[in-house]
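Q: Hi! Could you walk me through this one? I have a few quick questions.
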Amino acid sequence: MENRVLYPGSFDPITNGHVDIIERGLKLFDSIVVAVLKNPKKRGLFSTKERVAMILEIFAHEPKISVQAFDGLLVDFAKKNQARIVIRGLRAISDFEFEFQMALMNRKLDEETETLFMMPSVGYSFLSSRMVKEVFFLGGSVHNLVPEIVEKKLEQKLSQGKFVLSP
Ligand SMILES: Nc1ncnc2c1ncn2[C@@H]1O[C@H](COP(=O)(O)OP(=O)(O)OP(=O)(O)O)[C@@H](O)[C@H]1O
Ligand SMILES: [Mg+2]
């Protein structure tokens, strides 16, 4: 059986921290489904479609990566994709409490789905999508923190006057 795993998140936008986790995962698993959460309650900077498109472009050369948008329960989406493992990134301690709760809730919902945590390279362990947006919006450089295509899309949003930071 193919060892397929799910990597869920908002990816608004994908950062080099996410890319780092995906690349580590590629060494361990046959394929990774990057699952972009559609969250109607949280207005993001990029639409779900835009997030998916950026990730597809970044991994266009990588046949082991697929990208899908999803909503509803993660465990249901994992089942639908025949993935028994969910990978999550763990940064500095700030992620721990929330991730711990979520992993145990997902286990309660479905005993078969296992959550695996991976640590990024130390250089990315303080990097978040929110930080990237804030720094970029305030005129700081996000070069080397996000893939080139993301930097380009951030510039586009800004020049179109469509740069919104949600609270
Ligand atoms: N720099 C990073 N290093 C390792 N894992 C990360 C990094 N950024 C995000 N992740 C992990 O990727 C998954 C999806 O994260 P998500 O899309 O919510 O990104 P985020 O950076 O936390 O976004 P936001 O700033 O909007 O909360 C989570 O498991 C998260 O812990
Ligand atoms: Mg987060």
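Q: Which polar backbone atom is 2.7 Å from an oxygen atom of ligand 1?
A: That one belongs to Gly89. A polar contact here is a pair of N or O atoms within 3.5 Å; within protein, one must be able to donate a hydrogen and the other to accept it, and residues adjacent in sequence count only if both atoms are side-chain atoms. Before we go on, this is a predicted model, where local features need pLDDT of at least 70, side-chain atom pairs count only at pLDDT 80 or more, and totals for chains, interfaces and linings use all residues. Residues are numbered from 1 along each chain as its sequence is written, chains are lettered from A and ligands numbered from 1 in the order in which they are written, and side-chain values use heavy atoms, with hydrogens and water left out.

Q: Thanks! What about a nitrogen atom of ligand 1, which residue has a polar backbone atom 2.9 Å from it?
A: Leu127 does. From a side chain, a polar atom of Arg88 lies 3.1 Å from an oxygen atom of the ligand.

Q: And how much of ligand 1 does the protein bury?
A: The protein buries 89% of the 600 Å² that ligand 1 exposes when taken alone (Shrake-Rupley areas with a 1.4 Å probe).

Q: Which residues come nearest to ligand 1?
A: Tyr7, Ser10, Gly89, Tyr124 and Ser129, out of 19 residues around the ligand (a heavy atom within 4 Å). That shell divides into 7 nonpolar, 7 polar and 5 charged residues. Ala, Val, Leu, Ile, Met, Phe, Trp, Tyr, Cys and Pro count as nonpolar, Asp, Glu, Lys and Arg as charged, and the others, Gly among them, as polar.

Q: Where does ligand 1 sit?
A: In the largest pocket, meaning that more than half of its atoms lie within 2 Å of the pocket's grid points. On a 1 Å grid over the protein atoms alone, a pocket is an open set with protein on both sides within 12 Å along at least five of seven lines, a cavity is a set of points where a 1.4 Å probe fits but cannot get out, and lining residues have an atom within 4 Å of a point.

Q: How much space lies in that largest pocket, and which residues lie nearest its centre?
A: About 1,200 Å³, taken as the space filled by probe spheres set on the points. The lining has 46 residues, with Gly9, Ser10, Phe11, Lys42 and Arg88 nearest the centre. α4 gives the largest share, 6 residues. Helices (H or I, at least four residues) and strands (E, at least two) are DSSP runs numbered from the N terminus.

Q: Changing topic: what about cavities, how many are 30 Å³ or more?
A: The count is 1, and about 40 Å³ of space lies in the largest cavity. Its lining includes Leu74, Val86, Arg88 and Phe117, and the largest share, 4 residues, comes from α4.

Q: One more, on the backbone: which residues does a cis peptide bond join?
A: Asp12 and Pro13, with omega at about 0°. Pro13 lies in the loop between β1 and α1.

Q: And which residue other than glycine has a positive phi, near 50°?
A: Phe11, which lies in the loop between β1 and α1.
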